[in-house]
Structures are given as structure tokens and as C-alpha cells.
Amino acid sequence: MVQYRKMTVEDVEAVYAIEVASFPVPWTLDSFYYEMLENQFAYYTVAEESGEILGFCGSWMVVDAAQITNVAVVKSARGRKIGEGLMREAMRVAREANMETMSLEVRVSNVVAQNLYYKLGFQDGGLRKGYYTDNQEDALVMWVKL
């Protein structure tokens, strides 16, 4: 059974491996250590099953707004609604922290993720032209009132 919990520094290596396998321009290992040890605005959730990290969702919570930084699920566990579980947990944590809105950027080509975000109540908020550095793809900005 998948459990959702706050990420700790002990999870960084596993989360980094998922990041590298999931994104063409992954965050660095040092970035994840910084998020865990120094960034007071960061909150990361991991999905864990039988001691294995299957996915993660990062957010920054500043004043009254939460920004999703990254969401990824290990390829072998995709299609099991773990991404949805991670997002629902991130939204719950943000509400608990009195955040009023949550936003994120998603590739315009990533229709699967967009459909999940729509299911969770997110709305279109505009485009960021050439946002992704690997191929200059546009990002769709999405947001939801918590």
C-alpha cells in the first residue's frame, strides 16, 4: 500500500534518481539537499511502498501561495494514481499551512499531467513562452484556489 509522507534528507538519493529518470533537464543532487536542509519555504512529499520511494512532489510555500516545483513518479509505478495522490497530499499540506492558491507550470505537450490537474480543479493561467530549456517548449501555467 502506498503511503504519503514528508520527504527527509535520507530520501534525497532516491528522489534524485527519479528526477534524473523523469526529466530531460533534471535538478542537481545538490539542489535537493538544499531544498531539504536550507530552503525554509520548501515542502516535499514522497510516495513510499514497502520501503521504496515511488514518487515525489515538491512545493514552495511563500506568504499565501504554494508553487509546485516538480512532480515525478518512477516509470514502473506510473498509471497507479500515485501522481494524483502526491498532488492531493501537496494540496492538503498547503491548505493546512493556510495557503490560498497553488500554481504550477506544465509542458503544453504533457496532456496526461494537464488532465490530472484539471481533475484536481486547476485552471489555465496563461503561457510561459519557451519556458523549458531543453527544447524551448512553452509551459502552460495552471492554478487552483485552495
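This is a predicted model: local features need pLDDT of at least 70, side-chain atom pairs count only at pLDDT 80 or more; totals for chains, interfaces and linings use all residues.

User: How far apart are the closest N and O atoms of arginine 92 and glutamate 96?

Analyst: Side chains of opposite charge can pair when their charged atoms come close. Here, arginine 92 and glutamate 96 form a salt bridge, with 2.8 Å between the closest N and O atoms. Arginine 92 also forms a salt bridge with glutamate 89, and there the closest N and O atoms are 2.6 Å apart. Because arginine 92 and glutamate 89 are three residues apart in helix H3, about one helical turn separates them.

User: Is glutamate 89 buried or exposed?

Analyst: Glutamate 89 has a relative accessible area of 16%, and buried means under 20%, so this residue is buried. Glutamate 96, at 58%, is exposed, since the cut-off for exposed is over 50%. Arginine 92, at 35% relative accessibility, counts as partly exposed.

User: How many salt bridges does the structure hold?

Analyst: The structure holds eleven salt bridges. One of them joins glutamate 84 to lysine 119, with the closest N and O atoms 2.9 Å apart. This pair links distant parts of the chain: glutamate 84 lies in helix H3 and lysine 119 in helix H4, 35 residues apart. Glutamate 84 is buried, its relative accessible area being 12%.

User: At what angle do helix H3 and helix H4 pack?

Analyst: Two packed helices are described by the angle between their axes and the distance between the axes. Helix H3 (residues 82-96) and helix H4 (residues 111-119) pack at an angle of about 45°, and their axes are 11 Å apart. That angle makes H3 oblique to H4. The crossing in which H3 passes H4 is right-handed.

User: Which residues form a nonpolar patch on the surface?

Analyst: The patch is formed by Phe41, Trp60, Val62 and Val63, which together have about 380 Å² of accessible area. Tryptophan 60 is located in strand S3 (residues 52-62) and is partly exposed, with a relative accessible area of 32%.

User: Where is proline 26 found?

Analyst: Proline 26 is in the loop between helix H1 (12-22) and helix H2 (29-37). With 30% relative accessibility, proline 26 counts as partly exposed. The C-alpha atoms of proline 26 and asparagine 70 are separated by 9.9 Å, although the two residues are 44 residues apart along the chain.

Technical notes
Residues are numbered from 1 along each chain as its sequence is written. Side-chain values use heavy atoms; hydrogens and water are left out. Patches are made of residues with over 30% relative accessible area and no salt bridge: like charges are joined within 9 Å, nonpolar side chains (Val, Leu, Ile, Met, Phe, Trp, Tyr) within 5 Å. Accessible areas come from the Shrake-Rupley method with a 1.4 Å probe; for residues, only the protein chains shown count as cover. A salt bridge is a side-chain nitrogen of Lys or Arg within 4 Å of a carboxyl oxygen of Asp or Glu. Helices (H or I, at least four residues) and strands (E, at least two) are DSSP runs, numbered from the N terminus. Buried means under 20% relative accessible area, exposed over 50%, partly exposed in between (1.4 Å probe, protein chains only). Axes are lines fitted to C-alpha atoms, for helices over the stretch in contact, and angles run from 0 to 180 degrees between N-to-C directions. Angles under 35 degrees count as roughly parallel, over 145 as roughly antiparallel, 65 to 115 as roughly perpendicular and the rest as oblique. A crossing is left-handed if the near helix is turned anticlockwise from the far one by less than a right angle, and right-handed if clockwise.
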